[in-house]
Amino acid sequence: MAEIIDGKKIAANVKAEVRAEVEKLKAAGAKPGLAVVLVGNNPASRVYVSNKEKDCAECGFASYEYALPEETTEAELLELVEKLNSDETVDGILVQLPLPKQICEQTILHAISPEKDVDAFHPENVGRIMIGDYRFLPCTPAGVIEMLDAMQIDVSGKHCVVIGRSNIVGKPMGMLLLHRNGTVTICHSRTKDLAEQTKQADILVAAVGRAGFVTKDMVKPGAVVIDVGMNRNAEGKLVGDVCYDEVAEIASAITPVPGGVGPMTRAILMRNTLTAAKAHRASLD
Ligand code: NAP
């Protein structure tokens, strides 16, 4: 039976470290803070934003929420982003995705100051991730690496297979694993004979967005299985991309959903906010 990788516990440790650093900044007179922008009424986005506010409170950050109506125009949102870019009290800016259809996400993400882009979605930060000169870590992939480190799972020389090639998860995940000297295969919807690829994996990362997509027959016995997926099943329950029960029988370690990658993503966002706050304060000195 696989060892369960406890994302909740590892995330709590990361947040405790962040909190200790935030206390130091505050003792030196700073008031580090994150601006979170929510546009519209997407219920899932509302939950994500309120979780981020809870994390901020836990880590000692001020959080400034901007809830804008569904009909907000791109120009109005750009105006707010510009205001936050030049606001000295704001260290990090996060615009919750998805945005309503009248707003181009790329335009907004490109407008956020790279120094305050704690999600690491600005092309400058994406480029820095590519060359390994990180300003901010990509939250979900870095959360995965943090879990592997906590479990003392060495990536070097391992065959790592990532299912999914999104800009948010799959691609940066592949880069971080490569930077750790993994041999990386990135699979996607056009990959031929996916199971042949996934069965080669010493470390398998599933970021597909389909409940129960990864079955036991796709996994090599003894593999480490990381489930990034967050899907609602027919009963409305949160489930991952991996058929947990059957894959746990043969994997050496596995992340649960919930309680795996999700809390880690949130913890890395807090770490990025700390990085932003430190750099911002240093620039003011
Ligand atoms: P996405 O943008 O929809 O990307 C999904 C990827 O899966 C795409 O690259 C797609 O390939 C690939 N794919 C789809 N069907 C496939 C198939 N049959 N065979 C092989 N590959 C297939 O999703 P995402 O934003 O990366 O998110 C993926 C999942 O992770 C979602 O469940 C999301 O909710 C979850 N997520 C969780 C966290 C967390 O903190 N735990 C954070 C972010 C996302 P193509 O590129 O060819 O279409």
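This is a short tour of the structure, stop by stop, with what to select and what to look for.

**Before you start**

You are looking at a predicted model, in which local features need pLDDT of at least 70 and side-chain atom pairs count only at pLDDT 80 or more, while totals for chains, interfaces and linings use all residues. Residues are numbered from 1 along each chain as its sequence is written, and side-chain values use heavy atoms, with hydrogens and water left out.

**Stop 1: the two domains**

Colour residues 29-114 as domain 1 and residues 139-262 as domain 2. These bounds come from an automatic or database domain assignment. Taken over C-alpha atoms, the centres of the two domains are 29 Å apart.

**Stop 2: the largest nonpolar core**

Which residues touch the most other members of the largest nonpolar core? Select Leu 177 and Ile 226: they do, in a core of 50 residues. Helix H10 (residues 261-284) supplies the largest share, nine residues. Both domain 1 and domain 2 give residues to this core, so it lies between them.

A nonpolar core is a set of buried Ala, Val, Leu, Ile, Met, Phe, Trp, Tyr and Cys residues joined through side-chain atoms within 4.5 Å. Buried means under 20% relative accessible area, exposed means over 50%, and partly exposed is in between (1.4 Å probe, protein chains only). Helices (H or I, at least four residues) and strands (E, at least two) are DSSP runs, numbered from the N terminus.

Now stay on Ile 226 and show its contacts, meaning heavy atoms within 4.5 Å. Setting aside residues up to four places away in sequence, Ile 226 touches Ile 5, Val 144, Leu 148, Leu 204, Val 205, Ala 206, Thr 255 and Val 261.

**Stop 3**

**Stop 4**

Select Asn 231 in strand S9 (residues 231-232). Is Asn 231 buried or exposed? Its relative accessibility is 8%, so Asn 231 counts as buried. The side chain of Asn 231 makes a polar contact with the side chain of Asp 241, at 2.9 Å. (A polar contact is a pair of N or O atoms within 3.5 Å; within protein, one must be able to donate a hydrogen and the other to accept it, and residues adjacent in sequence count only if both atoms are side-chain atoms.) A polar atom of the Asn 231 side chain also lies 3.5 Å from the backbone nitrogen of Arg 210.

Move on to Val 239, in strand S10 (residues 238-239). Val 239 also counts as buried, at 17% relative accessibility. Leaving aside neighbours within four places in sequence, Val 239 is in contact with Ala 211, Gly 229, Met 230, Asn 231, Asn 233 and Val 257.

**Stop 5**

Most residues other than glycine have a negative phi, and most peptide bonds are trans. Where are the cis bonds here? One runs from Leu 97 to Pro 98, with omega near 0°, and Pro 98 is in the loop between strand S4 (92-95) and helix H4 (105-111). Another joins Val 257 and Pro 258, with omega about 0°; Pro 258 is in the loop between strand S11 (253-254) and H10.

Then select Ala 120, which has a positive phi of about 60° although it is not a glycine. Ala 120 sits in the loop between H4 and helix H5 (123-131) and is buried, with a relative accessible area of 4%. Finish at Asp 193, where phi is positive too, near 50°, in the loop between strand S6 (183-187) and helix H8 (194-198).
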